[in-house]
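This report describes a structure in terms of its contacts, strands, helices and chain interface. The sequence and the model are shown first.

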Amino acid sequence: MNVVRSCSVATLGCALFALCVVRAQEPAPSPARSVWDGVYTEEQSKRGESVYQKECASCHGASLGGGESAPPLTGGTFLSNWNGLTLADLFDRIRKTMPLSGPGRLTRQQDADVLAFMLSTNKFPAGKTEIYRQSEMLKEIRFESEKPADKK
Amino acid sequence: MRDRKSFRLHLGLLCAAALALVVPSASPQSQPKSTDWPSYAADLAGTRYRPLDQINAANFNDLEIAWRIKTDNFGDRPEYKLEGTPLMVNGILYATAGSRRAVIALDPGTGELLWIHGEHEGKRGGAASRQLSGRGLAYWSDGKEERILYVTPGYRLICLNAKTGLPISGFGTGGSVDLKLNDDQDIFPDLTTGEIGIQSAPVVAGNTVIVGAAFREGMTPRSMRNNKGYVRGFDVRTGKRLWIFHTIPKKGEFGYDTWEKGSAEYTGNTGVWTQITVDEQLGLVYLPVESPTSDFYGGHRPGNNLFGESLVCVDLKTGERKWHFQLVHHPLWDMDVSSAPILADITVDGKPVKAVAQPSKQGFLYVFDRITGKPVWPIPEKPVEVGNVPGESYSPTQPIPSKPPAYSRNGVSVDDLIDFTPALHDRAKEIAAKYHLGPVFTPPTASKLDGPLGTLSIGTASGGTNWPGGSYDPETHIAYLYACNSCVEPIGLVAAPKEVSDIAYIAGTAGHEVSILRGPGENAGADSPKPSKKRTGSEYVPMNVDGLPLMRPPYGTISAINLDTGEIVWQIAHGETPDIVRNYPALKGLAIPRTGQETYNIGTLITKTLVIAGEGHITTTADHPRGAMLRAYDKKTGKEVGAVFMPAPQTGSPMTYMHNGKQYIVVAVSGGPYSGEYIAYALPSESE
């Protein structure tokens with residue numbers, strides 16, 4: 001019968017589909033890594049500081065404290081805005097809207113370096129690998145404002 | 001070739017019949033109703049008050065979203081800092097929106113777009129000192145014709161037909177007045193890039209529209225010379241200039257001698273960038289004036305510097321000064337008079353007083369007889385610390401109100417630092433030890449690598465009450481004021497390299513690069529700072545301990561102040577305790593009362609019985625997912641009576657109105673990853 005044959009032909013597909021359905025019904029897995037796991041290097045942060053002072057400090061302040069017309073990139077408002085999201089969200093916000101005078105003018109590498117500098121200034125620890133330059137990969141890193149107990 | 005063009009979309013014009021259905025025709029009944037919201041702060045008195053009561057303590061939790069509109073497409077890029085408060089008059093809601101600062105007209109019951117107007121200003125818009133959607137617009141009507149007025153980022157006053165969005169051809173040139181012209185000064189270096197603009201809403205009183213001026217951030221200006229922020233009145237029918245008030249006096253004018261060594265000639269800024277208040281009956285205008293160039297160093301402008309950081313009363317018809325009171329002599333703290341003065345008819349010691357009350361960054365509410373300028377309660381001159389930054393000339397005294405008491409912190413001592421645990425307090429003390437501490441008016445210090453890095457200040461650039469201002473109930477004579485109680489600001493000064501600025505000292509930290517602060521969106525190519533000093537030592541010092549605010553809670557407050565008695569009736573922490581405090585492991589098990597939040601741009605709305613204000617921070621709690629709450633408090637007690645979820649923090653102050661028998665509350669939200677959105681809340685139909 002057509003039905004039987006269809007099923008037999010598509011057995012593998014049916015199984016995969018079922019797996020997909022099961023997977024889709026599960027909550028999205030929380031990324032395993034967070035900003036507390038050393039996701040940038042000190043060298044990258046230094047490069048980012050140079051880019052930041054040239055391209056960003058004019059509005060956000062030399063010490064990331066913000067100004068009347070631009071929000072701080074450190075402290076309560078900043079941490080609460082991004083807490084619980086991923087580094088991809090923050091990276092994309094920078095990538096798509098900053099600097100305001102020319103969004104997208106900086107390279108992905110420069111944006112990643114600036115992000116490294118922001119993490120450094122907010123006292124998230126440096127590590128041995130640089131921040132990825134692709135949002136898809138940054139989705140794997142959680143932005144958590146509070147330090148996990150096991151890292152205190 | 002013209003470098004700018006306007007666009008407008010007139011949905012109604014596509015179908016005249018449909019337009020007639022949604023846009024009421026002009027009629028003698030077109031004067032605003034008491035249930036409308038016809039100006040930025042509800043009225044010209046700056047009250048942010050409407051005596052509506054359909055939404056009340058019993059049903060606030062039942063509010064649901066009636067309509068919403070994202071502002072992403074009202075400009076060539078999304079905006080994440082939507083600060084507008086809409087108007088609602090005669091059945092149409094008007095707002096500024098998007099990175100274009102477009103004007104939109106909406107159906108107040110559904111949010112349907114009726115028309116849109118925008119100005120493409122080319123390089124002039126791109127170089128503007130104050131970008132993005134601004135805070136709002138103004139409405140005028142003579143009972144027949146209705147007009148909407150706003151100022152573009154490029155500093156042009158635009159006048160539109162309120163029904164169609166079309167420019168009024170008889171106003172200025174083709175519906176616009178170039179505010180960079182006819183300003184008793186030559187805007188330099190040129191009209192395209194000359195630094196001057198404004199983001200606040202113009203105010204219309206009678207047939208006069210009044211416009212102030214704003215500039216870039218004043219912490220690290222490139223020069224002691226800048227354009228000046230005069231205030232002007234224009235004829236709302238023709239756009240003709242009626243008067244001008246020189247916020248920095250010209251030679252021969254009162255106050256010129258408060259600028260020693262001829263510094264009035266070159267010093268700039270000193271604008272009125274926030275909302276202006278008017279008493280139409282008395283024919284008086286109240287101007288809250290900001291700081292002169294530069295915010296934290298006044299060595300190039302010795303003297304008291306009138307009318308910097310003053311409240312100035314001028315005549316509505318002529319702009320002539322009636323009285324003034326300088327809140328800060330020889331300004332050094334960026335204590336711009338930052339919000340709308342509030343008009344209050346009060347009774348003090350049994351006598352009626354027509355008063356004006358001025359909230360401030362420094363947490364003082366200055367109250368004056370608004371006819372004479374005499375303080376309602378004494379504001380004596382008190383000795384203050386004199387600093388030692390080379391070349392600075394300090395005022396040895398400052399006026400400090402005897403009443404009401406300060407409603408937010410305005411100085412920093414060790415006792416103000418976080419003290420949830422002794423360990424946290426010790427770490428905060430380590431940070432504070434790098435700075436000079438002291439009470440209000442402790443002067444900025446030169447930043448040194450071996451300390452102090454600067455003065456740890458609060459109630460300066462972003463403390464206390466900022467641009468959203470306060471609210472006032474004319475029936476009970478109580479003012480309601482949001483304040484940031486924890487917005488600490490380290491103010492250090494560094495010698496400016498000659499290639500960076502001709503000012504001797506600008507804001508900075510020893511060992512850090514020196515850079516120029518500008519408004520967002522300025523042409524970075526043209527204005528990019530020169531290469532500057534390499535960092536040689538000090539670390540960035542965040543004003544927090546593991547992300548926890550450096551100061552003790554409450555971080556943000558709402559205070560109710562009785563203006564008959566000058567006493568604080570109640571004060572509450574506004575805003576959920578931040579996640580980082582609630583979830584901090586070392587604080588688990590501690591009973592920490594709600595702390596409020598560390599943010600400075602919260603505005604309040606008051607109705608017949610409620611004080612309504614949204615939160616400025618995102619939180620995630622057991623009661624709600626990631627988001628912020630719009631909260632309602634009992635006006636009499638400050639007790640919370642309800643809260644409704646918002647997807648992002650409040651960034652523009654809420655307003656309310658009645659439409660077809662239903663009360664609405666509209667609030668602007670944005671921030672972080674969430675682009676600007678106006679959200680209207682109303683009760684579900686079954687609750688009506």
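Two residues are taken to be in contact if their C-beta atoms, placed from the backbone, lie within 7 Å. By this criterion, and leaving aside neighbours within four places in sequence, Ala355(B) touches Ala344(B), Ile346(B), Val367(B), Phe368(B), Asp369(B), Arg370(B), Val376(B) and Leu563(B). The model is predicted: local features need pLDDT of at least 70 and side-chain atom pairs count only at pLDDT 80 or more, whereas totals for chains, interfaces and linings use all residues. Residues are numbered from 1 along each chain as its sequence is written, and chains are lettered from A and ligands numbered from 1 in the order in which they are written.

**Core and chain A**

Ala355(B) is also among the residues with the most contacts inside the largest nonpolar core, which has 221 residues. Such a core is a set of buried Ala, Val, Leu, Ile, Met, Phe, Trp, Tyr and Cys residues joined through C-beta atoms within 7 Å. A residue is buried if 20 or more other C-beta atoms lie within 10 Å of its own, exposed if 12 or fewer, and partly exposed in between, with C-beta atoms placed from the backbone. Leu115(A), Tyr94(B), Leu149(B), Leu287(B) and Ala479(B) complete the list of residues with the most contacts inside this core. In soluble globular proteins, nonpolar side chains tend to be buried together.

Chain A contains 8 helices and 2 strands, where helices (H or I, at least four residues) and strands (E, at least two) are DSSP runs, numbered from the N terminus. Their order along the sequence is α-α-β-α-α-α-α-α-α-β. Of the 152 residues in chain A, 47% are buried. Among contacts in chain A with a separation of 6 or more, 73% involve residues 24 or more positions apart.

**Interface**

Between the chains, 40 residues of chain A are in contact with 48 residues of chain B. Helix 3 (42–55), helix 4 (57–60), helix 5 (76–82) and helix 6 (87–97) of chain A each supply at least two residues of the side of chain A that touches chain B. Helix 5 of chain A gives the largest share, 6 residues. This side of chain A divides into 11 nonpolar, 20 polar and 9 charged residues; Ala, Val, Leu, Ile, Met, Phe, Trp, Tyr, Cys and Pro count as nonpolar, Asp, Glu, Lys and Arg as charged, and the others, Gly among them, as polar.

**Strands of chain B**

Two strands pair if DSSP finds at least two bridges between them.

| Strand | Partner | Bridges |
|---|---|---|
| Strand 7 (residues 138–141) of chain B | Strand 8 (residues 146–151) of chain B | 4 bridges |
| Strand 34 (residues 605–606) of chain B | Strand 35 of chain B | 2 bridges |
| Strand 35 of chain B | Strand 36 (residues 628–634) of chain B | 5 bridges |

In the hairpin of strands 7 and 8 of chain B, which has 4 residues between the strands, Gly143(B) takes a positive phi near 95°. Tyr139(B) stands opposite Ile148(B) in strand 8 of chain B.

Strand 35 (residues 610–614) of chain B has 5 of its 5 residues buried. Leu610(B), Ile612(B) and Gly614(B) point one way, and Val611(B) and Ala613(B) the other way. Val611(B) stands opposite Ile606(B) and also opposite Tyr633(B) in strand 36 of chain B. The hairpin of strands 34 and 35 of chain B has 3 residues between them.
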